[in-house]
Amino acid sequence: MELSGLLENPDWYLYALESSGATFTPMSREHYRRSIFLDRRLAAQSDQRKLIAYDKLAEALGDKLHQPSPVSYIFTMAHCGSTLLSRALDVESGTLVCREPLPLRQLAVEYVTQNAAQSGSGDWRARLELVTSLLGRGYQAEAPTIVKANVPVNFILDEILSTSATPLSVFVYFPLERYLLAVLRTPKHRQWVKNVCEALLPAIKRHAPVDANTPLAQLAAGLWLSQVRSYSEAMTKYAKTVSLDGEEFLNTPKPVLRKAFSYFKASVSEEQQNSILNGELFSHHSKMPNVPFDNAKRLEIREGIRKIIQPELDQAREWVEAVAKDNPLPEKLSRPLHGDAPALLA
């Protein structure tokens, strides 16, 4: 492909950022749909990789590199329904949804872990603009491109939204207790908390006194607190953004999905939406499509976990209340996409 074609054609997906340039891999509209995540787990069209130097990409994109990107976003704390929502929104004729693109995560981790002067450098900003520009490519001009980000990206919200032409973004979250029940429910999830917090410790410490020796429940609560702060700050600055309690979506998916399609300005018929809601997606695990799973099963598991970890829930809540005493949290996140926003510390 000629480099000039990269601007319009999403069939070469920006897979990863390297020291000398960006790596692309061949995709199709169907391969985007199959890719539950667009990181190392993506379902690429082939194993082919093409490395293109940053200066050549910048030259090919020209002035368009610095123009606002048409991308809309789903930001999430993880484990609160955003993968299911993003897959439900992924309709061939109406949207293109990119779930957890690796380059955004790479930039976020770099920003968090490096010296602020370095992470905010012109080079970092140029790579961010490159990534958001290329993520904005779609298959149909009238169909929105929606990027579902992952946890590290929550710490560069202002940097990302400032590149957006119309920063339509949904912040998907759980109140504290539901979040802890979700991320502490298995040894695998607990290890995820440790790994994420280790990678993002400088950003979390801006909002919560945590370190490597912090008990796991408090560490998870610190991760939650730092993300709530990030969401609240971004929503104050960007008036078109909305919040979504994951419980609202998981318990009442039909009206939430309808509102989400409307919010993102996607032309998807009611018949198409009903087909999605009544199909396999909502009767199987969102991350493991071959595993039967539904909301009733989720609630059953959650209540079983609550009985086991209730002392940790109590300790984490007390810890958050003490940490937030001098800088109180908002009672709720504003502008819910659907329903009433729950109290964050309910």
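This is a predicted model: local features need pLDDT of at least 70, side-chain atom pairs count only at pLDDT 80 or more; totals for chains, interfaces and linings use all residues.
## The three-stranded sheet

Strands β1, β2 and β3 make up an open sheet, in the order β1-β2-β3, and their pairing is antiparallel. Two of these strands lie at the edges, β1 (12-17) and β3 (50-53), and each of them pairs on one side only. On average, neighbouring strands in the sheet are turned by 35° against each other, direction ignored. In general, the strands of a sheet pair through backbone hydrogen bonds, and the pairing is either parallel or antiparallel.

Strand β2 covers residues 21-26, and five bridges join it to β1. Within this pairing, A16 has T23 of β2 as its bridge partner. Strand β2 also pairs with β3 in the antiparallel sense, over four bridges. Here T23 stands opposite L51 in β3. T23 can therefore be used to trace the sheet from strand to strand, with A16 as its bridge partner and L51 opposite it in β3, given that a pair of strands needs at least two bridges.

## What surrounds the sheet

How many of the six residues of β2 are buried? The count is six of the six, so β2 is largely enclosed by the rest of the structure. Buried here means a relative accessible area under 20%.

Helix α2, which spans residues 54-61, packs on the sheet and touches β1, β2 and β3. The direction of α2 makes about 75° with that of β3.

## A parallel pair of strands

Strand β5 (residues 96-99) pairs with strand β6 (residues 145-148) in the parallel sense, over four bridges.

## Helices α4 and α6

Helix α4 (residues 102-113) packs with helix α6 (residues 122-135) at an angle of about 160°, and their axes are 10 Å apart. That angle makes α4 roughly antiparallel to α6, because angles over 145 degrees are counted in that class. The crossing of α4 and α6 is left-handed.

On the α4 side, the residues that meet α6 are P103, L104, L107, E110 and Y111. Their counterparts in α6 are W124, R127, L128, V131 and L135. An α-helix has 3.6 residues a turn, so residues three or four places apart point the same way.

## Helix α8

Helix α8 runs over residues 176-183 and is mostly covered, with six of its eight residues buried. The buried ones are L176, Y179, L180, L181, A182 and V183. These buried residues pack against three helices, α9 (187-204), α10 (216-237) and α14 (295-323).

In soluble globular proteins, nonpolar side chains tend to be buried together. In this model the largest nonpolar core has 117 residues. Helix α10 gives the largest share of this core, 12 residues.

Which residues have the most contacts inside the core? They are F24, F75, L85, L89, L104 and W224. Leaving aside neighbours within four places in sequence, L85 is in contact with I74, V172, L244, F249, L257 and A260.

Most residues other than glycine have a negative phi. H79 has a positive phi of about 65°, although it is not a glycine. This residue, H79, lies in the loop between β4 (72-76) and α3 (82-88). R335 also has a positive phi, near 45°, and is a residue other than glycine. R335 is found in the segment after α14.

Is R335 buried, partly exposed or exposed? Its relative accessibility is 31%, so R335 counts as partly exposed. The arginine R298 is found in helix α14. R298 has 15% relative accessibility and therefore counts as buried. Not counting residues up to four places away in sequence, R298 touches F174, E247, L250, N251 and F293.

Definitions and conventions:
Residues are numbered from 1 along each chain as its sequence is written. Side-chain values use heavy atoms; hydrogens and water are left out. Helices (H or I, at least four residues) and strands (E, at least two) are DSSP runs, numbered from the N terminus. Axes are lines fitted to C-alpha atoms, for helices over the stretch in contact, and angles run from 0 to 180 degrees between N-to-C directions. Contact means heavy atoms within 4.5 Å. Buried means under 20% relative accessible area, exposed over 50%, partly exposed in between (1.4 Å probe, protein chains only). A nonpolar core is a set of buried Ala, Val, Leu, Ile, Met, Phe, Trp, Tyr and Cys residues joined through side-chain atoms within 4.5 Å. Angles under 35 degrees count as roughly parallel, over 145 as roughly antiparallel, 65 to 115 as roughly perpendicular and the rest as oblique. A crossing is left-handed if the near helix is turned anticlockwise from the far one by less than a right angle, and right-handed if clockwise.
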